Amino acid sequence: MPGPVLIPILGDQLTRTLASPRGQTKDNSVILMMEVWDEATYVRHHKQKIALIFSAMRHFAAELRDAGWRVDYVELDDPENAGSFTGEVARAVERHDPEKIRVVEAGEWRVQAAMDEWPDKFPCEVEILPDDRFSASKADFADWAEGRKQLRMEYFYRDLRERADLLMDGGKPVDGQWNLDADNRKPPKEGMSAPPRPLFEPDEITRDVIELVEDRFGDHFGSLDKFNWPVTRDEAEMAADAFFAERLEKFGPYQDAMVAGQDQLYHSMLSTSINLGLLDPLDLCQRAEQSYRDGKAPLNSVEGFVRQIIGWREYVRGFYWHHMPGLAEANELGAERPLPEFYWTGETDMACLADCIRSTRENAHAHHIQRLMVLGNFCLLAGIDPRQVAEWYLVVYADAYEWVELPNVAAMILYADGGKLASKPYAASGNYINKMSDYCSGCTYSPSKKSGEGACPFNPLYWHIMDRHRGKLESNPRIGRIYATWDRMDADKRQAYLDSAEEVLDALEPARAGWARKPEG
């Protein structure tokens with residue numbers, strides 16, 4: 001008799017309709033799930049991130065068993081654990097003597113590179129399936145990108161919206177507009193707060209995982225004290241229901257707003273569940289559209305939500321695979337300064353950075369404008385090494401996988417790809433942060449002071465990056481006019497900016513070794 005079909009399911013593939021078990025019989029299949037040391041430590045992930053993935057995996061394995069599947073689950077502390085996906089698949093092949101290995105392609109380049117070696121390593125057929133949980137395949141993106149000089153998300157987004165018939169009316173966008181970003185840039189109102197998202201009390205499985213993580217990864221970044229993420233599909237659906245009912249309406253206009261101590265505002269907080277596979281992204285977009293059709297949410301809020309998922313999320317995944325492996329080493333602006341220590345400790349007098357890092361440490365989360373225009377903006381202005389910045393983002397956020405994190409950091413935030421993704425560097429002075437947040441009112445530094453003692457560091461750093469990269473940036477039509485402003489300043493004023501920026505940069509303490517990766521030796 002031929003052996004069973006061995007079906008490895010990775011930690012970000014926790015989807016009931018996943019392609020690999022689809023169409024297979026339960027009595028002739030073995031689901032393999034693996035907690036492996038390599039994946040938990042290739043960077044020193046936030047403790048909540050490790051706990052979230054392991055807990056979600058264990059819950060998903062229990063659901064599969066309840067549904068009648070045979071599940072071979074290898075826990076991290078199994079004394080025979082080989083520590084890697086390839087090693088654990090090899091052990092499973094010995095245990096089960098499968099006729100075939102059937103697996104969905106990996107989300108990250110390094111994991112896929114290992115998976116591509118499996119046909120030569122194992123004495124059975126290996127079938128690697130496309131991940132059809134995305135609306136666009138890798139081939140779809142490559143076909144779209146072929147012959148284009150610029151790969152702008154806007155046009156990819158429009159194609160996918162048409163294909164999915166999302167917010168469309170007779171072949172045209174609802175209300176005649178594809179993009180309602182102009183309606184979604186309101187600063188926060190004084191005292192603004194949003195309805196809280198549902199918090200999920202850890203059950204016995206999650207408590208066991210938290211204990212494991214504290215024991216084995218206790219020196220990793222972050223805290224587990226506030227762990228309350230959804231770890232099952234049912235919990236994730238509850239979180240989605242609450243977002244659509246209570247926060248979607250005001251999500252659009254205030255999606256760029258920042259308020260000290262308000263760590264979620266109107267954001268969905270669903271990215272962890274989507275990226276684990278617990279929620280269907282297209283279904284979420286359709287539910288958001290229905291909220292608009294039913295008069296429960298305005299078009300600008302719904303379009304903003306759909307754009308993030310069917311637009312940006314799909315686009316960065318395609319962009320990642322289209323530009324790897326070179327994207328990981330991209331450094332168009334030659335940024336080489338080490339990541340500052342305060343990105344790990346939060347010990348800085350800059351109120352905006354301190355609050356964003358606090359939220360990151362406590363929650364393994366910060367919303368997209370905090371990531372882009374505060375945390376990322378400072379790294380761009382200060383010329384921080386893109387590899388160190390990308391590692392930091394990969395470590396600290398519970399929703400961070402390289403396919404979504406690297407394009408956002410290297411290309412969107414740091415312009416390290418030279419503009420293949422973004423039409424300009426998203427550099428901003430303290431004025432932007434002051435407009436879009438309440439951080440500045442309680443800060444040591446003043447956004448209205450441009451240079452010298454007490455000046456917001458973002459102000460001189462803004463002109464410093466513009467000056468040092470003038471040769472690369474001046475010809476950019478979206479940024480070139482800035483140099484006319486710079487040239488109109490008198491020489492003393494320009495020098496004051498540059499001197500202040502150098503003082504800020506000289507005072508940055510490099511991060512100690514071992515935060516992102518375990519020191520060698």
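In strand β2, the bridge partner of Pro8 is Leu32, where helices (H or I, at least four residues) and strands (E, at least two) are DSSP runs numbered from the N terminus. The model is predicted, and local features need pLDDT of at least 70, side-chain atom pairs count only at pLDDT 80 or more, while totals for chains, interfaces and linings use all residues. Residues are numbered from 1 along each chain as its sequence is written, and side-chain values use heavy atoms, with hydrogens and water left out.

Strand β1 (residues 5-8) runs parallel to β2 and is joined to it by four bridges, two strands being paired if DSSP finds at least two bridges between them. Four bridges also join β2 to strand β3 (residues 71-74), again in parallel, and here Ile31 has Val71 as its bridge partner in β3. Six of the six residues of β2 (residues 29-34) are buried, so the strand is largely enclosed by the rest of the structure; buried means under 20% relative accessible area, exposed over 50%, and partly exposed in between (1.4 Å probe, protein chains only). Ser29, Ile31 and Met33 point one way from β2, whereas Val30, Leu32 and Met34 point the other way.

Met33 leads on to the largest nonpolar core, which has 165 residues, and Met33, Tyr315, Leu353, Phe378 and Met466 are those with the most contacts inside it. Such a core is a set of buried Ala, Val, Leu, Ile, Met, Phe, Trp, Tyr and Cys residues joined through side-chain atoms within 4.5 Å. Helix α13 (residues 299-323) gives the most to this core, with 11 residues. Leaving aside residues up to four places away in sequence, Met33 touches Ile9, Leu14, Met57, Phe60, Ala61, Leu64, Asp72, Tyr73 and Val74, contact meaning heavy atoms within 4.5 Å.

Lys47 belongs to helix α2 (residues 47-66) and is buried, with a relative accessible area of 8%. Among the residues that Lys47 touches are Val213, Glu214, Phe217 and His220.

Helix α13 also takes part in the second largest pocket, where it supplies the largest share of the lining, five residues. On a 1 Å grid over the protein atoms alone, a pocket is an open set of points where a 1.4 Å probe fits, with protein on both sides within 12 Å along at least five of seven lines, and lining residues have an atom within 4 Å of a point. This pocket is lined by 29 residues, of which Thr15, Arg133, Phe134, Leu279 and Pro281 lie nearest its centre.
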